[in-house]
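Open the model in your viewer and keep the selection tool at hand.

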Amino acid sequence: MKQPTRFKLEARPHIPESLNRLAELSNDLFYSWDHEARSLYARIDPVLWRQVEHNPKLFLRRVAQHRLNEVSEDRAFLAEYRRILSAYDAYLDAAPGPEITDRLDPQNALVAYFCAEFGFHESFPIYSGGLGILAGDHCKAASDLAMPFVAVGLLYQQGYFIQSIDAQGQQIARYRSHFSEDLPISRVMSDGKPLQVSVPFPGRTVYAQAWEARVGHIRLYLLDTHVAENSSADRELTLQLYGGDETTRISQEMLLGIGGTRVLRALGLEPTAWHINEGHAAFQILERCSSLVQAGLDFEAAIEATAASTLFTTHTPVAAGHDIFPRELLLTMLGEYLDSAGLNAAQVFDLGATSAGDAFNMTTLGLRGSRFHNGVSRIHGGVASRMEGGIWPQIPAEENPIGYITNGVHVPTFLAPEWSSLFDIQAPTWRSELRNPAFWQFVDRVPDYHFWSIHKALKQQMGDYVARHLSRQHRRNGTGHSVTERMTRDLISQEKDLLVVGFARRFATYKRATLIFSDLERLQRLLNDPERPVLLIFAGKAHPKDRPGQQLIKVIHDLSMRPEFIGRVILLENYDQAMARRLLSGVDVWLNNPEYPKEASGTSGEKAALNGALNLSVLDGWWAEGYDGTNGWAITPRDLSHDQEFRNQEEARDLLDLLEFEVAPLYYDRLSQGYSKHWVRRSKAAMKTIIPRFNSQRMVMDYVEKYYEPATRQASRFTSDNGRLATELARWKRRISQHWDGVSLSVVGEVQMQCLHDCEMTVKVAAQLNGLRPEDVRVECLVAPGNAGPEEQEIPESFILAFDEDKDGLSLFSLVMSPPFPGLQILTLRAYPYHDGLSHPLEMGYMVWV
Ligand SMILES: *Cc1c(COP(=O)(O)O)cnc(C)c1O
């Protein structure tokens with residue numbers, strides 16, 4: 001029998017005049033962090049609000065006319081509506097503070113931020129995980145700071161996949177098309193027509209249209225190829241995030257980097273600092289070079305000018321996170337573009353060539369095409385410096401130009417409304433004190449019972465949410481009702497108030513989701529302890545091509561269905577930002593146990609901590625900086641010299657030991673008041689130590705101070721006078737490269753071995769400069785303290801030697817200094833090329849030592 005065709009008809013309401021700004025609010029991602037704005041929609045029709053997955057635009061199209069009419073005459077509602085809109089207006093009216101204007105003059109400076117994914121809110125599903133959420137948080141903080149800032153990304157019609165987990169524990173990936181009219185975006189128009197840009201592709205031109213998303217003070221521009229001018233295959237290039245094959249990936253990256261830069265140009269925007277957030281967007285370097293080449297610079301000068309205003313951030317040491325394209329593919333895909341751009345394919349290939357020379361690494365392009373680079377935590381900065389050290393071959397990894405800025409999260413987005421209401425009463429100015437640790441001591445003044453009652457309310461909400469979600473999931477899978485009921489019975493029981501541990505993130509193997517199951521018998525006993533039961537909640541997606549990641553899901557699924565783990569291990573499907581907010585604000589403990597040192601930063605633990613949850617995590621990424629002994633628990637990673645198997649075993653035992661002997665006893669140390677005072681003390685410590693250090697305003701201000709301001713300064717030096725400095729620097733670098741091989745240093749006479757603490761000693765060095773001039777190099781004496789213990793990492797003092805004279809074909813340099821440290825100290829002498837136009841003193845990667 002033929003199934004009937006179902007025609008969809010949407011009867012749209014007319015929005016009453018008195019509520020007309022609801023539409024405006026639905027088109028500004030302001031709602032993604034302002035829960036009061038979202039609460040307006042929820043109040044009109046809570047059931048529909050949930051059905052449309054918190055999507056304000058869709059909500060306004062589907063809400064019943066009579067509900068709108070009712071609330072438009074409801075005084076209480078109208079008062080709330082006006083209050084929230086005037087808060088919105090006040091937000092938009094706020095001007096940037098001196099911390100911004102002193103560094104980035106809004107008249108002249110503009111930061112452009114490129115990323116392949118942006119995660120603002122579940123209603124705008126163009127993200128897959130941490131990277132996207134981080135990019136969203138970066139934009140939100142830039143808006144809060146009213147920075148001169150613009151972001152660029154791609155609009156994926158289907159976004160990332162929707163996950164179901166079936167009765168066998170298989171992950172099913174489904175894609176759903178999103179219509180632009182459902183998303184918080186508007187088409188960018190130019191001369192009354194939709195703005196389009198084009199990018200040369202092999203044998204054809206691909207067109208992309210541009211969309212604008214408002215994010216409070218700032219704008220995000222998104223490109224997609226779903227336009228009539230394209231073939232049907234090209235229309236699908238931007239269909240899915242991280243979908244398709246290698247060719248799809250490189251095509252998307254061409255659209256993002258080249259097309260994205262063209263959109264900014266078409267809009268008349270002239271960024272002064274360009275932030276490439278992960279390798280996906282690195283082709284923008286080529287497009288910017290091409291403009292300069294067409295303006296008359298040679299390729300090397302164009303690279304200098306481009307790189308000097310560019311920051312590249314790398315986000316993972318894991319190989320799968322770096323795009324590496326075969327040489328053939330790259331040259332085929334870019335061939336026509338490079339011809340039209342006036343760029344030489346061999347020169348371009350060299351910028352990203354891997355050491356074997358047969359492939360092109362987008363991270364390498366990013367690093368060679370930028371002069372500012374960073375990793376995303378202290379540990380990751382070090383790991384990235386070593387991984388990428390080959391780019392600066394003669395520079396010790398710890399000194400190469402890769403620095404770090406530790407990731408932070410957007411507090412208004414991830415802090416539960418219950419906590420922000422409390423802060424509003426206790427410390428009303430908290431929103432402007434996000435970089436002031438002393439201010440956050442106020443958390444201690446909150447009475448313990450009050451603090452706990454908020455946590456408990458949030459935990460209850462989370463329990464209800466999990467129960468709802470899980471019963472839907474298992475009803476579909478045909479699980480018996482009584483089983484589903486037992487799964488969540490203890491979770492939602494007010495009296496039991498179980499210790500709940502959460503673990504949710506992408507199921508990538510290095511995150512070791514199943515580590516806690518290493519000793520099933522012990523875990524079983526621990527979770528079912530009659531005095532101190534523990535419940536684990538898991539959620540996360542595995543990339544559709546990541547078989548081992550999907551296997552982890554199956555393992556957890558199967559365990560969660562075993563009788564001894566029912567009601568103690570819960571696996572939820574389709575992790576997204578809405579679920580993240582629920583879990584992170586409701587659990588007692590947030591678990592993270594990645595393989596050290598692969599968790600570049602991690603951010604979910606930061607979100608948990610700002611809601612008072614306690615982290616139980618491996619000292620990797622941000623937690624290695626955040627943990628202070630009072631605000632959670634730490635698993636110390638085993639030395640990398642052991643094999644992985646052994647490290648897993650040992651770290652799993654630590655994890656279970658902590659859970660059994662510290663976490664559970666502390667949690668259940670509750671007296672008659674029904675909660676544990678010691679637990680509350682730790683929870684408060686987590687909030688007050690972590691909120692002011694690991695939030696996105698602190699992070700973005702670090703970017704401003706460390707990178708955006710210097711890049712902007714370099715931009716103005718390099719663009720003035722038709723790029724004279726760029727041309728001069730490129731020529732200078734070429735000369736240095738031709739001569740450096742013959743440069744050497746030697747000591748003249750001897751370096752003194754003993755002196756009085758306040759003596760003045762002279763150090764003399766003779767340099768064979770092989771045709772370079774004395775002003776082309778810096779000769780430096782480093783003095784490191786020799787008494788420091790192994791734990792201490794004292795920074796050496798650096799002294800620059802002055803040029804004295806040329807003699808017998810050698811250049812003589814000298815220094816008079818007093819010993820900077822008491823007692824023993826170690827002197828080393830070295831030289832490296834130096835030019836005033838360099839963005840980083842060691843950027844050439846050359847160095848010789850005595
Ligand atoms: C924060 C967040 C992540 C990142 O989690 P990590 O544990 O840092 O990997 C992933 N997905 C969502 C939905 C998030 O909110």
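**Starting at the ligand**

Select Thr603 and the ligand: a backbone N or O atom of Thr603 lies 2.6 Å from an oxygen atom of the ligand. This is a polar contact, meaning a pair of N or O atoms within 3.5 Å. The model is predicted, so local features need pLDDT of at least 70 and side-chain atom pairs pLDDT 80 or more, while totals for chains, interfaces and linings use all residues. Residues are numbered from 1 along each chain as its sequence is written, and side-chain values use heavy atoms, with hydrogens and water left out.

Next, select Lys607, where a side-chain N or O atom is 2.6 Å from an oxygen atom of the ligand. How much of the ligand does the protein bury? Alone, the ligand exposes 390 Å², and the protein buries 96% of that (Shrake-Rupley method, 1.4 Å probe).

Now show the 13 residues around the ligand, those with a heavy atom within 4 Å of it. Arg505, Lys511, Thr603, Ser604 and Lys607 come nearest.

**Stepping back**

Show the whole chain as a cartoon. Its C-alpha trace spans about 95 × 65 × 50 Å along the principal axes. Colour domain 1 (18–93), domain 2 (431–692) and domain 3 (743–849); these bounds come from an automatic or database domain assignment. The centres of domain 1 and domain 2, taken over C-alpha atoms, are 33 Å apart.

Definitions and conventions: Polar contact = N/O pair within 3.5 Å; in protein donor to acceptor, adjacent residues only side chain to side chain.
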